[in-house]
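Let's take a walk through this protein together, from the overall fold down to the contacts between helices and the surroundings of the ligand. Have the sequence and the 3D view at hand.

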Amino acid sequence: MNKITNNPFHLRDKIILVTGASSGIGREVAIQCAKAGARLVISGRDAARLEETLGLLAGSDHRAIAADLTDQQQLHALVEQTGTIDGVVHGAGVHGVMPIRLVTDTFLNYVMAINFNAPVLLTQRLLYQKKLRDGSSILFVSSLAAHTGTIGVGPYSASKAALIGLARCLALEVAKRGIRVNTLSPGLVDTPLLEHNQIMLNEKASMYPLGIGRPEDVAYAAIYFLADASRKVTGSVFNLDGGIPFT
Ligand SMILES: NC(=O)c1ccc[n+]([C@@H]2O[C@H](COP(=O)([O-])OP(=O)(O)OC[C@H]3O[C@@H](n4cnc5c(N)ncnc54)[C@H](OP(=O)(O)O)[C@@H]3O)[C@@H](O)[C@H]2O)c1
């Protein structure tokens, strides 16, 4: 029998920071990364749900640090406590539905603050404080909404499209250190983010040839982008759209 001696898809010896780990996609990314051998630093706002996630992680030496990433002091404190890492997955985000004719300055700032400003400023701080090792991986979570038009989700779509633009520039800035920057664009994924909108979820499900996503589908892709298997992949946008035609 052939023995696999070199598996570039594992995360052993890597420390990964996952935001949004108290729920949905971020929680599942943390769970699957731990199964792949990583040590995790997980973050979210709700300390109790974050502890729940911690209890679901295989292995040991994981840490949970609660933080509201729209609060600069809490964001800085998270970076201080994180230590040196090999990768970050920016899973924290909000949805938010508001037709443009009703949009307010407050609403725009709310969506942009967590979906765009927070991952950018967290990345800035990690880089500035030299917390990301050479060869590490930065992974943003955008959305299919960045590529399509849907009534009522203009600010959300814009926040997710902004991430893609930012990521392409950042990929060039950090390439000299072998740091990779990639973006996942999931279509609908069944998580608490959309649970208030189960009717929409059911309606849209039929549009996806492979069905809508589950959090683990996103997590498996995240593992690839965090692992050495993707060491020459940067600036890319990876669609997890269940085959939905959107061009
Ligand atoms: N579900 C989908 O269909 C879908 C599709 C494409 C992209 N996405 C993106 O995937 C990411 C995760 O979504 P999800 O479906 O997993 O949603 P979710 O289950 O609602 O989880 C959202 C996470 O973001 C955290 N968060 C929200 N505001 C925060 C803040 N101010 N500071 C720190 N953390 C904050 C939440 O923390 P607390 O709960 O502790 O407050 C929670 O852990 C989002 O960026 C979303 O836009 C989702």
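Predicted model: local features only at pLDDT ≥ 70, side-chain atom pairs only at ≥ 80, totals over all residues.

The protein chain holds seven helices and seven strands. If you trace it along the sequence, you will read the pattern β-α-β-α-β-α-β-α-β-α-β-α-α-β. How compact is the chain? Its radius of gyration is 17 Å, close to the 18 Å that the globule rule gives for 247 residues, so the protein chain is as compact as a globular protein of that length. Along the principal axes, the C-alpha trace spans about 55 × 50 × 40 Å.

Now for the helix pairs. Two packed helices are described by the angle between their axes and the distance between the axes. Start with helix α3, residues 72–82, and helix α4, residues 105–128: their axes come within 10 Å and cross at roughly 40°. Angles under 35 degrees count as roughly parallel, and α3 and α4 are therefore oblique to each other. Their crossing is right-handed. On the α3 side, the contact is made by Leu75, His76 and Val79, while α4 brings Leu121, Leu122, Arg125 and Leu126. Sorted by class, this contact has five nonpolar residues, one polar and one charged.

Helix α4 has another partner to look at. Its axis and that of helix α5, residues 154–174, come within 9 Å and cross at roughly 20°. With such an angle, α4 and α5 are therefore roughly parallel to each other. Here, too, the crossing is right-handed. Which residues of the two helices meet? From α4 come Phe107, Leu108, Val111, Met112, Asn115, Phe116, Pro119, Val120 and Thr123, and they meet Pro155, Tyr156, Ser159, Lys160, Ala162, Leu163, Leu166 and Leu170 of α5. The contact of α4 with α5 divides into 13 nonpolar, three polar and one charged residues.

Finally, move to the ligand. Of the 27 residues around it, Gly24, Asp46, Gly93, Thr191 and Leu193 come nearest. Which helix gives the most to this shell? That is helix α1, residues 24–35, with three residues.

Note on methods: Residues numbered from 1 in each chain as written. Near = placed C-beta within 6 Å. Helix = DSSP H or I, 4+ residues; strand = E, 2+ residues; numbered from the N terminus. Axes fitted to C-alpha atoms, helices over the stretch in contact; angles between N-to-C directions. Parallel < 35°, antiparallel > 145°, perpendicular 65-115°, else oblique. Left-handed = near helix turned anticlockwise from the far one by under 90°. Contact = placed C-beta atoms within 7 Å. Nonpolar A, V, L, I, M, F, W, Y, C, P; charged D, E, K, R; others polar. Rg over C-alpha atoms; globule rule 2.2 N^0.38 Å.
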